[in-house]
Amino acid sequence: MLHSAGVSTLLSVENLQTHFVTRSGVVRAVDDVSWDVEEGETVALVGESGCGKSVSALSIMRLVAGPAGRIVGGRVLFKGRDILKLSEEEMRRVRGREIGMVFQEPMTSLNPVLSIGRQLTEGLEIHLGMTPADARRRAAELLGMVGIPDPERRLAQYPHQFSGGMRQRMMIAMALACKPSLILADEPTTALDVTIQAQILELMKDLSRRFGVAMLIITHNLGVVARYADRVNVMYAGRIIERGSARELYARPRHPYTLGLLRSVPRLDEPRRARLDPIEGQPPDLTRLPPGCAFTPRCAFSVARCGVESPPLAAVDQGGHVSACWEAAHLDRVPVRSAAT
Amino acid sequence: MKEDAPLLEVRNLVKHFHVGGGLFGGRAGVVRAVDGVSFAIRRGETLGLVGESGCGKTTVGRCLLQLERPTSGQVLFEGRDLTTLDEDELRPIRRRVQVIFQDPYSSLNPRMTVGQILAEPLMVHDIVTDRERRGQRVRELLSHVGLLAQHAHRYPHQLSGGQRQRVGIARALAVEPALIICDEPVSALDVSIQAQIINLLEDLQAGFGLTYLFVAHDLSVVRHISDRVAVMYLGKIVEITDRKSLYDVPRHPYTKALLSAVPIPDPALEGQRERVVLGGEVPSPLNPPAGCAFHPRCPIAIDRCRAEGPELREIGPGHRAACILA
């Protein structure tokens, strides 16, 4: 697929459906979802717990835990190839080599009994066929690149000797090791302190620019990605309910859920409000979704149709901004920020 | 007791933990989790206590309740020094001081219904001895926190995270406390639910005249709910003042860096915003740097900062900061 600017699509997820069989019924964790990432672009997948954002990531990497979880439909085209059709052997080459991964809790994704050096060189030797000496040299170079001082000495250490921020730097080094074209980062800074979060996000953005790597950032925090994402997909109850360029989506949200999220958080750049503006109600129970739009029970803008018919993602402008809301056209006059008091 | 006396006053609180030197012969060390902290909270006020993980903010909360016995210092609650009381003497005090925890799931007994969870403190503290009246009080508590009477028959796992936190709040309210220590009460909740809980805490404060110590790392939430704010770094308060001064004219370089690291959900604004990205990481409280503990990461540190630990000194009316350059 070629876009007007000549940028080609790196990853294209088409009508993906991932279901889980639970005691209380089938959970459509990812329910017919389509989105894409262009080369070198940073895309965010944003939503709250249970919205399907992490399952989307796991589905792309084919890491959904069976037998309960299963990809039941759709395609995941990576550089034009449907990776859902690859053999397990071929898939292993995609993971780590072509798509790097960074997870929320670096301690649980690193092997505690292998040295930092070994964990970095393993991939280099397996995926790139480097000699142990070359791999070691490259590993030190990678640690230096992610801002870990004294990399030679650090290679001999173990994960528990690294702080949380250092471990996340190490994860980023591992993700970059085989020069992937996409990095998939699932809540990469959620477990970190705010001053360290800033460091890690700046580092990721800098590296993605320098090496032209595309990034898919999965997060529950709209604030975190505002500075870094080119495009944002907002998920709710297994579906994408809004997508647009970051600037457009934050300035003119056209789905009541996105609007609600933006309005509910207190902001440091604005006068303090007397009262916060929450989204009422509870997050949806995926085994018992209401008919029609899943957000209806919590929505302040719902009309009769919303409880009957599920709205498709439809364009709200010519710039690729789409919203799955029957009332999207009427949301353009609602201010994102409520009046400060 | 004078009317304007603070409800709670903490004087030079110190809590050290001894680590290592055990069976495996590791080198013994002292973690200075809380290292000389003083503050006061007035009746009806909310004091925010912010800082990054390991700064000692949670330990301060635990020392107030005497869940951890402080190494030294005083905790004066309604004029009595809690550090001198034994467990029997503390029991009535614990009715007056309650806690709301971060993770409502792990702080609620999974084998008890919501009704039983709320009735338990009423029995333990002999507040409502009559069974029927207890049921009535449970329903009353549920309605205070925005839950329905039928929620009394549910188990914690049948509730959403936000509903569980409401149960945690109702349980704290059951004993009619004066002070509630809120330890990261919303950070485990979804963004859309956080605002509901914050509004609820504010309504309850207004309705019951509660006083809060609000321990959190989210500076935007702390600004919203607090009247005054204390910022902690490596076991010490580095700045304390009223909300407006702290956010409008922060004086400690660590406070400034923390505020500039908070992301704002607005790409247009973020694009122009200057950010102070702090280098380095929080040092280990096992081996804090000499002089000012913040100096290795401080963008404005001078030689004197390496040698001399700054006093938390008055730099304006009701505004104290521990920085020789503030």
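Q: What makes strand 9 and strand 10 (residues 236-242) of chain B a pair?
A: In this predicted model, strand 9 of chain B and strand 10 of chain B are joined in the antiparallel sense by 6 bridges. Two strands pair if there are at least two bridges between them, so 6 bridges meet the rule. One of the partners to look for is Asp242(B) in strand 10, the bridge partner of Arg228(B).

Q: How many residues lie between the strands in the hairpin of strand 9 and strand 10 of chain B, and which residue takes a positive phi?
A: There are 2 residues between the strands, and Leu234(B) takes a positive phi near 45°.

Q: Why is strand 9 (residues 228-233) of chain B called mostly covered?
A: A residue counts as buried if 20 or more other C-beta atoms lie within 10 Å of its own. In strand 9 of chain B, 6 of its 6 residues are buried, so the strand is called mostly covered.

Q: Which residues of strand 9 of chain B point one way, and which the other way?
A: Arg228(B), Ala230(B) and Met232(B) point one way, while Val229(B), Val231(B) and Tyr233(B) point the other way. Residues on both sides of strand 9 are buried.

Q: How do you know that strand 3 (residues 46-50) of chain B pairs with strand 9 of chain B?
A: Count the bridges again: 4 of them join these strands, which run parallel. Pairing needs at least two, so strand 3 and strand 9 of chain B are a pair. Leu49(B) stands opposite Ala230(B) in strand 9. Strand 3 of chain B is also joined to strand 8 (residues 211-216) of chain B, by 5 bridges and in parallel. There, Val50(B) stands opposite Ala216(B).

Q: What is the order of the strands in the open sheet of chain B?
A: The sheet has 8 strands in the order 6-7-8-3-9-10-12-11, with mixed pairing.

Q: Why is one side of strand 6 (97-100) and of strand 11 (313-316) of chain B left without a neighbour in the sheet?
A: Strand 6 and strand 11 of chain B stand at the edges and each has a single partner strand, so one side of each is left without a neighbour in the sheet. From one strand to the next, the twist averages 20°. Helix 5 of chain B packs on this sheet, touching strand 6 and strand 7 (179-183) of chain B.

Q: How do you know that the radius of gyration of chain B agrees with that of a compact globule?
A: With 326 residues, a compact globule would have a radius of gyration near 20 Å, and chain B has 21 Å, which agrees. Of these 326 residues, 46% count as buried.

Q: Which helix of chain B gives the most to the side that touches chain A?
A: In all, 36 residues of chain B are in contact with 40 residues of chain A. Helix 6 of chain B gives the most to that side of chain B, with 6 residues. The residues of this side divide into 19 nonpolar, 10 polar and 7 charged.

Q: How do you know that the span of helix 7 (residues 164-176) of chain A agrees with what it should be?
A: At 1.5 Å a residue, its 13 residues should span 18 Å; the end C-alpha atoms are 19 Å apart, which agrees. Helix 7 of chain A is also mostly covered, with 12 of its 13 residues buried, among them Gly165(A) and Leu176(A).

Technical notes: Residues numbered from 1 in each chain as written. Chains lettered and ligands numbered in written order. Predicted model: local features only at pLDDT ≥ 70, side-chain atom pairs only at ≥ 80, totals over all residues. Rg over C-alpha atoms; globule rule 2.2 N^0.38 Å. Contact = placed C-beta atoms within 7 Å. Nonpolar A, V, L, I, M, F, W, Y, C, P; charged D, E, K, R; others polar. Axes fitted to C-alpha atoms, helices over the stretch in contact; angles between N-to-C directions. Expected span 1.5 Å × (residues − 1).
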